[in-house]
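Let's take a walk through the charged side chains of this protein. Have the sequence and the model open beside you as you read.

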Protein chains: 2
Amino acid sequence: MAEDTVSAALTLKDIAREAGVSLATVDRVLHNRPGVRPDTVRRVQETIARNSFQPHVAAAELARGRARRFAFVMPLGSNPFMQQIQAYLSEMSAWLSARRLSIEMVITDVFDPSVLAASLEELAGGNYDGVAVVALDHPSVRAAINDLVDAGGKVVTLVSDVPSSRRHHYVGIDNIAAGRTAGALIGRLVRPGYGSSPGKIAIIAGSQSLRDHAERIFGFNQVMASEFSHLDILPLLEGRDEDDRSEQLISQLLGEHPDIIGLYNVGAGTQGVAKALTEAGRDKQIVFIAHDLTAMTRKLLLQGTLDVAISQNPGHEARAAVRVLLSLARNEPILSEQEKIRIDILMRDNLP
Amino acid sequence: MAEDTVSAALTLKDIAREAGVSLATVDRVLHNRPGVRPDTVRRVQETIARNSFQPHVAAAELARGRARRFAFVMPLGSNPFMQQIQAYLSEMSAWLSARRLSIEMVITDVFDPSVLAASLEELAGGNYDGVAVVALDHPSVRAAINDLVDAGGKVVTLVSDVPSSRRHHYVGIDNIAAGRTAGALIGRLVRPGYGSSPGKIAIIAGSQSLRDHAERIFGFNQVMASEFSHLDILPLLEGRDEDDRSEQLISQLLGEHPDIIGLYNVGAGTQGVAKALTEAGRDKQIVFIAHDLTAMTRKLLLQGTLDVAISQNPGHEARAAVRVLLSLARNEPILSEQEKIRIDILMRDNLP
DNA sequence: CTCAAAATGAGTTGCGTACCTCAAAACGCC
DNA sequence: GGCGTTTTGAGGTACGCAACTCATTTTGAG
């Protein structure tokens, strides 16, 4: 009887007692505040580790008072994937407000390095606890990100990374692997040509100068060269992610090459490409692979025009970015397995 | 100046003032405690809704004092998928203890309805806040689940569902869709036979009486019949999820049928199946699809023996189960998009 | 040994909610 | 109008930690 070792959760007070110091000292150690001898710091940390003590997040959150503010820097325009991410962020509003978190959207031209860098520099004075940014990889953007980090904020790159910066985390996929996946699928799904040619593969992107597109193209070519070298890859077309232009380019290409058996659309403009395929009456013969799951690609998958959609889950990216920022702000470990974004292969039968 | 509408977060006190009642009454309404006139209840709820007030979860968590206890009822034996789920749960220990949550594992024979039901009934007296269970669909199990629910606990079925029970949530995949996905992939990846036959497809499962296996087989056959009727599906083999037995069955089958072009393993025993394929020297010619990502299936994918692994993410299932139980216990809404388990198509190039 | 600087102890306050008690007010019924 | 019951108000305590102040002790340099 009496006070037995009831395995009730330990508190800071218990740690203080066991380490033979006062609560104030434990607090100083826990928050890296100055004025504690290295020796004492070690003793306290050891006590914490020995008991695998974890501060009660609810208590910590309540005590700190002020709410946390995050900023999301997202691109202008009507990119459906980006809009989906924003929609999922809005969907979290109840979750966020119950935790006294606020998110501010900063819509800017992320494709202009100087504009993006300026937007980021502006945030540096805003006293944000964290920033998520769809980042273009450019020296001035890198510098702006590093400034944010130096100002004490946490920075997460979203969808598009700046590996050379000191950002804390990247939430997005490996686009080279995505391109490889597209290549492997095209190579394995196409049926050998009926005529003399073994079959040609067409590829269209928004622009080669977009980093994610370039990486996908690189991965795609890698696989085609090494594993499907018998297939004939046609020169890359650039559709600028526009439906009309893409449709026109593909229509013309289909006219010139009656022996196309596979088609990979690296970027947007899928609706235009699909239209060209359908109007040429060749949507069932040509294996068509594109990116992202939208209402439109879903429809195309169900009707068989599109064979595979390679996608990254926008909801997952939105939530992962928020969770990572929150964990970073709390100095909590990140569940890296949970936050890793996968390359989803979506076909008609495994549509979510 | 003066008190302007600073958009500081509202508190219960603000709600009480605005509704013209005391804190105690708001508290009674918020927790469905008796002793409040219906009229007043409505007025308070309207005030809460109008301001879209969300109680501060951290404060609520701190105030309630006692920690939450969850139980996970998992199967005996060495099923690697189940062991992965358990491993991911262990990995969350820091996350859990920082939130004063505890998880107790209850290992039992989930394939024996009476044993499973008994284990569940035992938990009903344990005063758990929530239970996650890998559930066999059987009347006595259903009754036990309903008892848990009646006792006030939250119940989540994991991996395997009991739709007819009053469980609050199911965390797992649609196995019919998984089977359909396997069928569509086999049908599209195989190369037409070289001889007279268009090619035969072999299928092996653990047992037809396992619900998840039966559902996958159903989905597989559905797709094969409707879309790939030119392919010849061989009679189902039952390998009891054992490597040795599966290897033997497949070896024999390969000997009898030189024109097999596709092979689908519905359950476990993938290592045995792969061995039979390799030893017959036909692993590169036959399209092989199996389930789940383990160290072994990963190796088989990389070396090309296995063409596709269809999987559900065990880490996601583990975390989703915990999060759903926690949200249910807090009477918080569930982010259903987040908790939905997807059917992953894994090939060599999109391995996580 | 002296003294200033560094390190530590002791204590307070507040965060927003849950949960409880007790008294007071309002209500419904006869 | 009186009575018992129901509803409401007012208030307190506790949860574990952050953040702060101020007094006291320890330390190291000269």
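A:Glu242 sits in the loop that runs between β8 (237-238) and α11 (243-256) of chain A. This is a predicted model, so please read every value here as computed from it. With a relative accessibility of 38%, A:Glu242 falls in the partly exposed class, because that class covers what lies between 20% and 50%.

Over all chains, a search of the whole structure turns up 44 salt bridges. One of them joins the side chains of A:Glu339 and A:Arg323, at 2.9 Å from N to O. This pair links distant parts of the chain: A:Glu339 belongs to helix α15 (residues 336-339) of chain A and A:Arg323 to helix α14 (residues 314-329) of chain A, 16 residues apart.

Are these two partners buried or exposed? Both A:Glu339 and A:Arg323 are buried.

In chain B, the side chains of B:Arg330 and B:Glu61 form a salt bridge of 3.0 Å, N to O. B:Arg330 is found in the loop between α14 (314-329) and α15 (336-339) of chain B, while B:Glu61 is in helix α4 (residues 57-64) of chain B, so the contact ties together parts that are 269 residues apart in sequence. B:Arg330 is partly exposed, with a relative accessible area of 23%, whereas B:Glu61 counts as buried at 9% relative accessibility.

Another salt bridge brings B:Asp137 together with B:Arg211, with 2.8 Å between the closest N and O atoms. Here the loop between β3 (130-133) and α8 (139-150) of chain B supplies B:Asp137, and helix α10 (residues 211-227) of chain B supplies B:Arg211, so this pair ties together parts that are 74 residues apart in sequence. B:Asp137 counts as partly exposed at 30% relative accessibility, and B:Arg211 counts as partly exposed at 38%.

## A network with members from both chains

Which residues are joined into one network by salt bridges that share partners? On the chain A side they are A:Arg180 and A:Glu227, and on the chain B side they are B:Arg348 and B:Asp349.

How values were computed. Residues are numbered from 1 along each chain as its sequence is written. Chains are lettered from A and ligands numbered from 1 in the order in which they are written. This is a predicted model: local features need pLDDT of at least 70, side-chain atom pairs count only at pLDDT 80 or more; totals for chains, interfaces and linings use all residues. Side-chain values use heavy atoms; hydrogens and water are left out. Helices (H or I, at least four residues) and strands (E, at least two) are DSSP runs, numbered from the N terminus. Buried means under 20% relative accessible area, exposed over 50%, partly exposed in between (1.4 Å probe, protein chains only). A salt bridge is a side-chain nitrogen of Lys or Arg within 4 Å of a carboxyl oxygen of Asp or Glu.
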